[in-house]
Amino acid sequence: MMNFPQLPPSKPTRPESEQLHEEVWRPDWQCFCCQDTGIVNPHLARLVISDYVWERDRLPICQAPKCGKSSRWLRLGNNNLDMRFISTICQQLDMYNRENWRLTVERKVFDLQALVQKRSMSGILDRTFNDNREIQQRKAEIEAITSEQWMAMAHAYRGEDDEA
Ligand SMILES: [Zn+2]
(Lines give C-alpha, C1' and ligand atoms only; values in the text may rest on other atoms or scores of the structure.)
Protein backbone atom coordinates (compact mmCIF):
# COMPACT_ATOMS: atom_id res chain seq x y z
CA MET A 1 0.00 0.00 0.00
CA MET A 2 1.45 3.34 -1.07
CA ASN A 3 0.86 6.47 0.93
CA PHE A 4 0.61 9.38 -1.44
CA PRO A 5 0.92 12.94 -0.19
CA GLN A 6 -2.54 14.50 0.07
CA LEU A 7 -3.22 17.88 -1.52
CA PRO A 8 -6.33 20.05 -1.26
CA PRO A 9 -8.17 20.90 -4.52
CA SER A 10 -6.67 23.86 -6.32
CA LYS A 11 -9.51 26.10 -7.49
CA PRO A 12 -8.91 29.09 -9.75
CA THR A 13 -10.08 32.39 -8.27
CA ARG A 14 -12.63 34.26 -10.35
CA PRO A 15 -14.97 37.22 -9.92
CA GLU A 16 -18.10 36.22 -8.02
CA SER A 17 -20.39 36.91 -10.98
CA GLU A 18 -18.54 34.33 -13.05
CA GLN A 19 -18.25 31.75 -10.31
CA LEU A 20 -21.60 30.09 -10.93
CA HIS A 21 -20.85 29.59 -14.59
CA GLU A 22 -17.27 28.62 -13.94
CA GLU A 23 -18.26 25.96 -11.42
CA VAL A 24 -19.66 23.96 -14.30
CA TRP A 25 -16.93 22.37 -16.33
CA ARG A 26 -17.30 22.89 -20.04
CA PRO A 27 -15.03 21.43 -22.66
CA ASP A 28 -12.93 23.75 -24.79
CA TRP A 29 -12.18 21.28 -27.56
CA GLN A 30 -11.66 22.58 -31.05
CA CYS A 31 -13.09 19.37 -32.45
CA PHE A 32 -16.06 17.75 -30.77
CA CYS A 33 -15.87 14.70 -33.03
CA CYS A 34 -12.57 13.44 -31.63
CA GLN A 35 -12.30 15.79 -28.64
CA ASP A 36 -8.91 16.81 -30.02
CA THR A 37 -7.49 13.29 -29.78
CA GLY A 38 -7.60 12.51 -33.50
CA ILE A 39 -9.66 9.36 -32.80
CA VAL A 40 -13.45 9.64 -33.08
CA ASN A 41 -14.99 9.52 -29.59
CA PRO A 42 -16.08 5.88 -29.04
CA HIS A 43 -19.61 6.96 -28.02
CA LEU A 44 -19.92 8.88 -31.26
CA ALA A 45 -18.35 6.10 -33.32
CA ARG A 46 -21.05 3.79 -31.98
CA LEU A 47 -23.69 6.05 -33.55
CA VAL A 48 -22.24 5.18 -36.96
CA ILE A 49 -20.99 1.63 -36.28
CA SER A 50 -23.64 0.25 -33.94
CA ASP A 51 -21.52 -2.67 -32.70
CA TYR A 52 -18.27 -0.74 -32.60
CA VAL A 53 -15.89 -2.08 -29.94
CA TRP A 54 -13.00 0.18 -28.99
CA GLU A 55 -10.72 -2.65 -27.88
CA ARG A 56 -11.37 -4.78 -30.95
CA ASP A 57 -11.90 -2.51 -33.92
CA ARG A 58 -9.59 -0.32 -35.98
CA LEU A 59 -9.16 3.21 -34.68
CA PRO A 60 -11.72 5.51 -36.33
CA ILE A 61 -9.65 8.44 -37.54
CA CYS A 62 -11.22 11.88 -37.26
CA GLN A 63 -11.39 13.63 -40.62
CA ALA A 64 -13.31 16.70 -39.61
CA PRO A 65 -12.38 19.56 -41.99
CA LYS A 66 -10.67 21.81 -39.44
CA CYS A 67 -9.21 19.06 -37.25
CA GLY A 68 -5.55 18.23 -37.76
CA LYS A 69 -5.26 16.02 -34.70
CA SER A 70 -5.29 12.71 -36.55
CA SER A 71 -1.84 13.12 -38.12
CA ARG A 72 -0.07 11.51 -35.17
CA TRP A 73 -2.08 8.31 -35.69
CA LEU A 74 -1.57 7.99 -39.42
CA ARG A 75 1.88 6.42 -39.07
CA LEU A 76 0.28 3.42 -37.33
CA GLY A 77 -0.57 2.16 -40.79
CA ASN A 78 -3.87 1.40 -42.50
CA ASN A 79 -4.40 -1.96 -40.84
CA ASN A 80 -4.87 -0.19 -37.50
CA LEU A 81 -6.95 2.68 -38.84
CA ASP A 82 -10.57 3.04 -39.90
CA MET A 83 -10.65 5.80 -42.49
CA ARG A 84 -14.38 5.57 -43.22
CA PHE A 85 -15.31 8.49 -40.98
CA ILE A 86 -15.15 11.01 -43.81
CA SER A 87 -15.37 14.76 -43.22
CA THR A 88 -19.17 14.97 -43.57
CA ILE A 89 -19.67 12.21 -40.96
CA CYS A 90 -17.20 13.88 -38.59
CA GLN A 91 -18.89 17.24 -39.11
CA GLN A 92 -22.22 15.66 -38.19
CA LEU A 93 -20.75 14.00 -35.09
CA ASP A 94 -19.06 17.26 -34.12
CA MET A 95 -22.39 19.12 -34.33
CA TYR A 96 -24.21 16.41 -32.41
CA ASN A 97 -21.66 16.27 -29.59
CA ARG A 98 -21.35 20.07 -29.45
CA GLU A 99 -25.12 20.43 -29.04
CA ASN A 100 -25.19 17.69 -26.39
CA TRP A 101 -22.51 19.46 -24.44
CA ARG A 102 -24.26 22.81 -24.77
CA LEU A 103 -27.43 21.30 -23.31
CA THR A 104 -25.52 19.49 -20.56
CA VAL A 105 -23.72 22.67 -19.47
CA GLU A 106 -26.96 24.68 -19.65
CA ARG A 107 -28.74 22.12 -17.49
CA LYS A 108 -25.92 22.08 -14.95
CA VAL A 109 -25.84 25.89 -14.72
CA PHE A 110 -29.63 25.89 -14.36
CA ASP A 111 -29.46 23.28 -11.58
CA LEU A 112 -26.80 25.30 -9.78
CA GLN A 113 -28.81 28.50 -10.07
CA ALA A 114 -31.86 26.71 -8.66
CA LEU A 115 -29.77 25.39 -5.80
CA VAL A 116 -28.34 28.83 -4.99
CA GLN A 117 -31.84 30.34 -5.19
CA LYS A 118 -33.21 27.65 -2.90
CA ARG A 119 -30.42 28.30 -0.41
CA SER A 120 -30.99 32.06 -0.35
CA MET A 121 -34.77 31.48 -0.11
CA SER A 122 -34.33 29.26 2.91
CA GLY A 123 -32.09 31.99 4.32
CA ILE A 124 -34.96 34.48 4.01
CA LEU A 125 -37.37 32.01 5.59
CA ASP A 126 -34.98 31.45 8.50
CA ARG A 127 -34.73 35.18 9.03
CA THR A 128 -38.52 35.71 9.04
CA PHE A 129 -38.91 32.79 11.38
CA ASN A 130 -36.37 34.29 13.76
CA ASP A 131 -37.97 37.75 13.52
CA ASN A 132 -41.35 36.27 14.39
CA ARG A 133 -39.84 34.33 17.24
CA GLU A 134 -38.29 37.49 18.64
CA ILE A 135 -41.64 39.34 18.47
CA GLN A 136 -43.37 36.43 20.23
CA GLN A 137 -40.64 36.45 22.90
CA ARG A 138 -41.03 40.20 23.52
CA LYS A 139 -44.82 39.83 23.77
CA ALA A 140 -44.45 36.96 26.23
CA GLU A 141 -42.06 39.04 28.34
CA ILE A 142 -44.52 41.94 28.45
CA GLU A 143 -47.41 39.61 29.30
CA ALA A 144 -45.30 38.08 32.11
CA ILE A 145 -45.06 41.43 33.90
CA THR A 146 -47.46 41.25 36.86
CA SER A 147 -49.86 44.00 37.79
CA GLU A 148 -47.75 44.73 40.91
CA GLN A 149 -44.74 45.28 38.69
CA TRP A 150 -46.81 47.61 36.52
CA MET A 151 -47.86 49.47 39.64
CA ALA A 152 -44.27 49.64 40.86
CA MET A 153 -43.11 50.91 37.48
CA ALA A 154 -45.87 53.49 37.46
CA HIS A 155 -44.95 54.50 40.98
CA ALA A 156 -41.27 54.82 40.14
CA TYR A 157 -42.15 56.95 37.14
CA ARG A 158 -44.36 59.16 39.31
CA GLY A 159 -41.67 59.33 41.99
CA GLU A 160 -39.09 60.47 39.43
CA ASP A 161 -41.61 62.99 38.26
CA ASP A 162 -42.06 64.23 41.85
CA GLU A 163 -38.34 64.62 42.32
CA ALA A 164 -37.98 66.61 39.16
ZN1 LIG B 1 -11.24 15.79 -34.73
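## Burial across the chain

A residue is buried if 20 or more other C-beta atoms lie within 10 Å of its own. In this predicted model, 14% of the chain's 164 residues count as buried.

## Overall layout

The chain has five helices and two strands. Along the sequence, they follow the pattern α-α-β-α-β-α-α.

Now take the contacts between residues at least 6 apart in sequence. Of these, 59% join residues at least 24 apart.

## A buried cysteine: C90

C90 sits in helix 4, which covers residues 87–144. Is C90 buried or exposed? C90 is buried, because 26 C-beta neighbours lie inside 10 Å and the cut-off is 20 or more.

Which residues does C90 touch, beyond its neighbours within four places in sequence? The contacts are C33, V40, C62, Q63, A64 and F85. Another pairing to look at is C90 with L44. These two are 46 residues apart along the chain, and their C-alpha atoms are separated by 9.3 Å.

## The loop between helices 1 and 2

Helix 1 spans 16–23 and helix 2 spans 42–48; Q35 lies in the loop between them. D36 lies in the loop between helix 1 and helix 2 as well.

Both residues have a backbone angle worth checking. Phi of Q35 is near 55°, a positive value in a residue other than glycine. For D36, also not a glycine, phi is positive and near 65°.

How exposed are they? Q35 has 19 other C-beta atoms within 10 Å, so Q35 is partly exposed. D36 has 15 within 10 Å, so D36 is partly exposed too.

Methods:
Residues are numbered from 1 along each chain as its sequence is written. This is a predicted model: local features need pLDDT of at least 70, side-chain atom pairs count only at pLDDT 80 or more; totals for chains, interfaces and linings use all residues. Helices (H or I, at least four residues) and strands (E, at least two) are DSSP runs, numbered from the N terminus. A residue is buried if 20 or more other C-beta atoms lie within 10 Å of its own, exposed if 12 or fewer, and partly exposed in between; C-beta atoms are placed from the backbone. Two residues are in contact if their C-beta atoms, placed from the backbone, lie within 7 Å.
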